[in-house]
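Okay, thanks for having me. Today I'd like to talk about salt bridges, so let's get the structure up on the screen.

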Amino acid sequence: MNFLPYFLDILKYTIAGLGIVWIAFYLIKPYLDRDEKIQLLEFKKTISQQTLPLRLQAYERLVLFIERVNPANMLVRLNASGYSAHELYSIIIEEIRNEYQHNITQQIYVSSRAWGVVKHVRENTLGIINNAAKGMPEAATGLELAKMILAIIAELEDNPYEVGASMLRKDVEEIF
């Protein structure tokens, strides 16, 4: 028996079948890709609708953080005249740390640049408070420390709290 003609026929039909499957796949592939892109866009739209309010709330909280750690606002809130300089220093440092810890989870919803601004504001504030406290005598009052802190802030070229809030606003504008 001669199997060669049967083998060649099977080979022809197999190659023709594979060719047809290959052509069909490449004819249908654009439609499958388009459908996948549409589903991906719908998914992104749904996610965006759910996360946008959370992101905006996070930016609001970070702006509030900046305002709350601004010594000009914090010293009014803490009523500096009733404390010694050392007590006020401890209270201010604790207040800054508490505010930061309270808002630390917001970094999930904001850009890395925005979170960097918040960290920078916190570090600047701690630096200002530490510099002011270093120059105080042992018997200084809280009011003297408050005046020193405000004097240091007044000497700065750019108010870090206004710059920080401005950068957060720019970040929010980019969202829209």
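**Salt bridges, pair by pair**

Let's start with arginine 68, which counts as partly exposed because its relative accessibility is 27%; buried would be under 20% relative accessible area and exposed over 50%, with partly exposed in between, using a 1.4 Å probe and protein chains only. Keep in mind that this is a predicted model, where local features need pLDDT of at least 70, side-chain atom pairs count only at pLDDT 80 or more, and totals for chains, interfaces and linings use all residues. Residues are numbered from 1 along each chain as its sequence is written, and side-chain values use heavy atoms, leaving out hydrogens and water.

So who does arginine 68 pair with? Glutamate 95, in a salt bridge with the closest N and O atoms 3.6 Å apart. The term means a side-chain nitrogen of Lys or Arg within 4 Å of a carboxyl oxygen of Asp or Glu. Glutamate 95 is buried, at 18% relative accessible area. Through shared partners, salt bridges link Arg68, Arg77, Glu95 and Glu99 into one network.

Overall, the structure has seven salt bridges. Another one is aspartate 9 with lysine 12, at 3.4 Å between the closest N and O atoms. Both sit in helix 1, residues 4–69, three residues apart, or about one turn; helices here are DSSP runs of H or I, at least four residues, numbered from the N terminus, while strands are E runs of at least two. Lysine 12 counts as exposed at 52%, whereas aspartate 9 is partly exposed at 31%.

Then there's lysine 29 with aspartate 33, at 3.0 Å, N to O.
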